[in-house]
Amino acid sequence: RSEGLDFGFQRNGLFMLCKTEKGLKEETEAAEKARSLGIPAEILSAEETRQMEPDIQMDIIGAVYYPKDSHLHPGSLMNQLKTLLRKRGVQFVFNTKIVDITEEKDGEIVAFAEDQQKVEGTHIVLCTGAWTPSLANNLGLAIPMQAGKGYSITLQNPRELPQICALLAEAKVSMTPMMGKLRFGGTMEIVGRDKSVTLAKVSALKKSVVNYFPEYTMGDLEGQNVWVGLRPCSPDGLPYVGKTDKYDHVYISTGHAMMGMSLSFSSGELIEQLISNNQADLAHRLISPDRYS
């Protein structure tokens with residue numbers, strides 16, 4: 001915001017919407033744990049939830065509300081960041097597939113594009129998501145990763161538009177208002193880097209929406225574009241952020257799974273600190289890129 005940017009940013013909290021007693025019990029226990037760590041959380045009845053979010057009908061028995069949560073529009077974030085960085089002299093090279101990274105005889109680390117063109121620099125940061133393992137393997141680094149395929153549907157003109165983002169607790173589906181649009185996302189498929197659409201998964205996502213929001217019908221969700229993305233998931237669920245001990249100028253920031261947007265700025269700051277000062281405010285073996293090497 002200090003740069004005049006807002007990214008469609010809304011600091012108005014997050015609901016965990018629950019349809020079952022079991023689901024509400026589990027989310028209540030999670031809220032109690034959060035409060036013990038200093039994170040505010042409120043247990044709400046169905047009526048209290050509706051009073052806070054009157055613009056959408058919900059078939060729930062209760063919810064947990066996290067008032068400090070926020071949401072934004074990822075496309076707006078990326079476009080505005082690119083504009084800001086260009087003003088600061090950053091050069092972007094698009095439509096260039098990096099197929100190899102190697103160490104030359106003089107110890108220099110060089111990346112090669114698909115056309116064998118060299119991409120050189122004083123430092124290399126591997127932040128290539130689910131594609132990181134193959135590139136890291138060329139440097140003799142073990143970065144085990146699975147691609148967790150997920151789907152989202154964005155309604156351009158939603159029948160009802162909430163103001164607060166939510167997670168449908170039992171269905172594990174997210175709901176995010178985005179500048180007049182409404183996005184539903186979820187599912188997790190472990191199928192390598194295959195980005196084809198599994199219709200059964202999309203159907204399950206749509207049924208979850210209708211199950212929680214009775215004013216919506218399957219017809220509202222049919223004919224909408226389905227977006228597919230690959231989440232980079234590590235074996236222990238933690239990201240790889242830091243400098244690898246094997247090389248002086250190779251840094252890694254990947255494996256953020258479903259928390260990429262949330263953790264991106266802090267991860268970027270840690271990498272910047274390592275490049276600029278050779279040390280970071282946070283360094284721990286649990287997020288070390290060398291922990292499986």
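The protein contains seven helices and 14 strands, where helices (H or I, at least four residues) and strands (E, at least two) are DSSP runs numbered from the N terminus. The model is predicted, so that local features need pLDDT of at least 70 and side-chain atom pairs count only at pLDDT 80 or more, while totals for chains, interfaces and linings use all residues. Residues are numbered from 1 along each chain as its sequence is written, and side-chain values use heavy atoms, with hydrogens and water left out.

For 293 residues, a compact globule would have a radius of gyration near 19 Å, and the value of 21 Å found for the protein agrees with this; the radius is taken over C-alpha atoms, and the globule rule is 2.2 Å times the number of residues to the power 0.38. The C-alpha trace spans about 70 × 45 × 40 Å along its principal axes. Of the 293 residues, 41% are buried, a class defined by under 20% relative accessible area, with exposed meaning over 50% and partly exposed in between (1.4 Å probe, protein chains only). The protein exposes about 16,300 Å², of which carbon and sulfur atoms supply 51%; accessible areas come from the Shrake-Rupley method with a 1.4 Å probe, and for residues only the protein chains shown count as cover. Contacts, meaning heavy atoms within 4.5 Å, were also examined by sequence separation. Among those between residues at least 6 apart in sequence, 68% join residues at least 24 apart.

The charged side chains comprise 31 positive and 36 negative ones, and the centres of the two sets lie 2 Å apart. In this count Lys and Arg are positive and Asp and Glu negative, with His and the chain ends not counted; the place of a charge is taken as NZ of Lys, CZ of Arg, CG of Asp or CD of Glu.

In soluble globular proteins, nonpolar side chains tend to be buried together. A nonpolar core is defined here as a set of buried Ala, Val, Leu, Ile, Met, Phe, Trp, Tyr and Cys residues joined through side-chain atoms within 4.5 Å. The largest such core has 27 residues, among which Phe 15, Leu 17, Met 175, Phe 184, Phe 213 and Tyr 216 touch the most other members. Two or more residues are given to this core by each of strands S1 (14–18), S3 (62–66), S8 (146–155), S9 (165–168), S10 (173–178) and S11 (181–190) and by helix H5 (199–212). The most is given by H5, with four residues. Leu 17 has contacts that include Met 58, Ile 60, Ala 166, Leu 168, Tyr 212 and Phe 213, not counting residues up to four places away in sequence. A second, separate core consists of 15 residues, including Ile 109, Ala 111, Ile 124 and Ile 143.

Met 179 is exposed, at a relative accessible area of 53%.

The C-alpha atoms of Arg 285 and Gly 192, 93 residues apart along the chain, are separated by 27 Å. Asp 290, also placed after H7, is buried at 17%. Asp 290 touches Leu 141, Lys 243, Thr 244 and Asp 245, residues up to four places away in sequence being excluded. Between Asp 290 and Val 241, 49 residues apart in sequence, the C-alpha distance is 9.7 Å.

Asp 236 occupies the loop between strands S12 (226–233) and S13 (240–243) and is partly exposed, at 35% relative accessibility. Beyond residues up to four places away in sequence, Asp 236 touches Leu 286, Arg 291 and Tyr 292. Pro 214 is found in the loop between H5 and helix H6 (218–221) and is likewise partly exposed, with a relative accessible area of 48%. With the same exclusion of residues up to four places away, Pro 214 touches Gln 57, Met 58 and Asp 59. Pro 214 and Gln 224, 10 residues apart in sequence, lie 19 Å apart in space, C-alpha to C-alpha.
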